[in-house]
Amino acid sequence: MISTVIVVLLAFVSEAKNEDDIQPCAKVQTSSSVVLLGSPVTATCVVRGDCPLVAGQAVHIEWRLGNRFIPSNSTVNGSDTVSEAVISNFNQTRELLTCYIQNPTPQAVAGVVIRAGYPPEAPQNLSCLTNLTKPNTMTCSWDPGQRETHLLTNYSLHTNIWDLNINRVYELPSGIHHYTIPRSGFSLSAEMKIQVKAVNELGEASSGALILEPLGATKFDPPEILNMEAVAKKYGCLRLRWSMSKDQAWIQDSLNLQVRFKTVDSSQWSEQIFESRVRAVNLCQLLHGTQYLAQIRVRYKQSPWSDWSGSQSGVTLETAPTGRLDWWMKVSGDQMPKQLNVQLFWKPSKQFRANGQNVSYIVTAQKTPGEKGKLCFTRESYCSLRVPGRAKKVYLRAVNAAGKSPPTEVRIYQPKAYTAVSEVTAVPYDDTSLLVWWKSGVTPGLIGYVVEWIPLLETGPSHSQFEIADKNQSSLVITGSFEPYKPYGISVYPRFKDGIGLPQTVNAYLRQKAPSMVPKMKMKKSWKPYIEVTWDEIPLDQRNGFIQNYQIFYWEEEGPINIVNADPDERKVTLKNINTMHLYKAFMMVSTSGGSINGSTFEFQFESFDAVTVEFIATGAGGLIFVMIIVIFLVLTCFSKQKRIKGHFWPAVPDPANSSVKRWTSESTQDSYPSWDNEEPNPIYLSHLSFLDLPMKSDKEEDDLWLNNAEDTSDLGESICGSPFIPGYSGSNSDSIPYATVIFSSPCNSPPPKEPHVYLRSESTQPLLEAEEPFSPKCYQNMTPVGMSGEQCLFGPSHDGVPEEGPDPVALWDDFPFLRALAMNDTQND
């Protein structure tokens, strides 16, 4: 077929009377205006003989494809008015081919648009889905293919219901690859054939035929589990009853049912598929006494599965626990003799089955359980026991409502001072676990290891977890409820045939980040030109990782920044080359492997004594004079011979031995410094005398008082009724040390007593007499008051209670000035 297309032409208007009658000068003929992309194209240009452009002159024809010239042959059939062009590879999807005549410049006389592309591919993946909601419809969709045709391609959907002999064709708009068939175009229970056809200018293609029953192309609504219960007398079985949704409950056909189930503490689902018209199934071979969760979905024959239903739970019948428990223990001595404190930990082994919901644990001293032998009963996974030191083993059992498990024998070993583990390391393994490895030498009797870990921010044995490792292992991946940024203590214990060895412990983090706080820096001490800075330790719960470095940044105004690294364990650093005259700023940066955090900036200045002195001197003569005054005052104070000054800083201490009551005055007996008015103070500056009034008691009571208190004279310097020489004096506020205390048997204001006064020696450290023995006082005689007779030995030992014969009483007055004063006092009272 030859197609002729006339485009933009430069034509000559003939001499016809009708000026609107326009005739082209030439025509372009091609084998096809639409060709396969990349195929050759041939075109012919024929110029009319009466064309005014070629009248009476030679004809020269040229070709252009778009804007470029292409080779041509102008001697086709021996005529100059016919030219042929050949394009060996047309690789453009659309282009204009134009024929030109030279007269004398090129004039376009004819042309044609050539398009190229590919025939359509057969549609792929045809599928249909029936919707049972009202109104019922069936939607079919397909894939047009991976290759672009570059040509307009139309699709049509063809259906054929064999039983009803109904054929329908549904035309689709260009570019649409799906179509929804109305309810009138299909029957739910009748099979039908569905096919898609694609057509463009280069050809057509059809998809494979899809034969289906519309009900089998339905995606049902999620079904519903009515209940899930244990089957009577069938251990490990659950009966599951279910139904379709309310809108699809009318469907009674046999459906495929898929059930997935798991235990409540598991993350792995198990699946089973059933095919039944009955809306109930049994799940068997389950664990005893275990709670399960289940979900279901349905489909009809090969239709798509519905979405999963909601979860329903059920518990299988209980039986006694089976299997053994993994355990380990810590043993320590007790303050009670022959007693051991035992902390026992356990967990289910791979073979253990609780077979019940409420599981407890019992530890007994006998293999056959009894009330007397019960040591512990708990629902936790640990127990603290106190057992006799001679105990060798205890027995651990799991208990539920159906019975007890077989006993797990737990041997009690004394802790051993064996070291078999070294260089323990723990690093993150993934987002939920840690990798622990260790080194150990060849140790006789080694049978394995225990790896224990506990969160350091928690207390109590309930947070402890452990794993048992074989003796040939040197690493272990531990998985638990590890939290990021929280510290964990991990210990590796060696296990021997006769006990547990010493552990090696290391701390670890699952993940680290910058600390939550920066400690405050403190200026501990300074000396020119250094300042020592310290800080407190960051609380463990705010470290968020291992502290790797403390860095102090400090600088003076407009000066360079100095950086000092500190040892994380010492938490102190010395800042050097501090200019005493400048103000500095500083801050601290704390780092872990997960990040760093900067503290707030603060200002400081050198505050040593040298700096203060320099500052005073720098102020000029006033500062220098002030410093000189301070120095002169200190020299005069220390070396001055003025007793007035010395008496103020170093008060005179009286010598009781060199004193006389006759020389006492009211001023000299007061607790005051020597008078500043007298140039030569009275050298005899005495302590006060204290007079104690004792209540009247019987002779027996008085004897007891002496027997009980003869050694206690610590408060004899306190005056009960005041000194007769100092009005209102109580003695409690005095700094002086009393020399002696006089005890009266009657109040001080009463008449003179008929009995002799009692004199007690003070514990003053002042010297008495040179001849006195400091620690073995002699028996001194009491002077007999006027009008009385008799002697009494109060100081020092006496033989048989008889006073020793002494010198003349008159001579004793000179040796005891206090006693002389008392005698004078009695005379005056009389």
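## Overall surface and make-up

The protein exposes about 48,600 Å², of which carbon and sulfur atoms supply 51% (Shrake-Rupley areas with a 1.4 Å probe; for residues, only the protein chains shown count as cover). This is a predicted model, in which local features need pLDDT of at least 70 and side-chain atom pairs count only at pLDDT 80 or more, while totals for chains, interfaces and linings use all residues. Residues are numbered from 1 along each chain as its sequence is written, and side-chain values use heavy atoms, leaving out hydrogens and water.

You will find 6 helices and 52 strands here (DSSP runs numbered from the N terminus: H or I of at least four residues for helices, E of at least two for strands). Of the 830 residues, 37% are buried (under 20% relative accessible area; exposed is over 50% and partly exposed in between, with a 1.4 Å probe and protein chains only). Among contacts (heavy atoms within 4.5 Å) between residues at least 6 apart in sequence, 62% join residues at least 24 apart.

## Nonpolar cores

The largest nonpolar core has 43 residues, and those touching the most other members are Met-138, Leu-157, Ile-194, Phe-220, Leu-240, Leu-257 and Val-259. Such a core is a set of buried Ala, Val, Leu, Ile, Met, Phe, Trp, Tyr and Cys residues joined through side-chain atoms within 4.5 Å. Apart from this core lies another of 27 residues, including Trp-63 and Ile-114.

Beyond its neighbours within four places in sequence, Leu-157 contacts residues including Trp-142, Tyr-170, Ile-181 and Ile-194.

## A residue in helix 2

Now for Ile-630, which sits in helix 2 (residues 621–639). Ile-630 counts as partly exposed because its relative accessibility is 39%.
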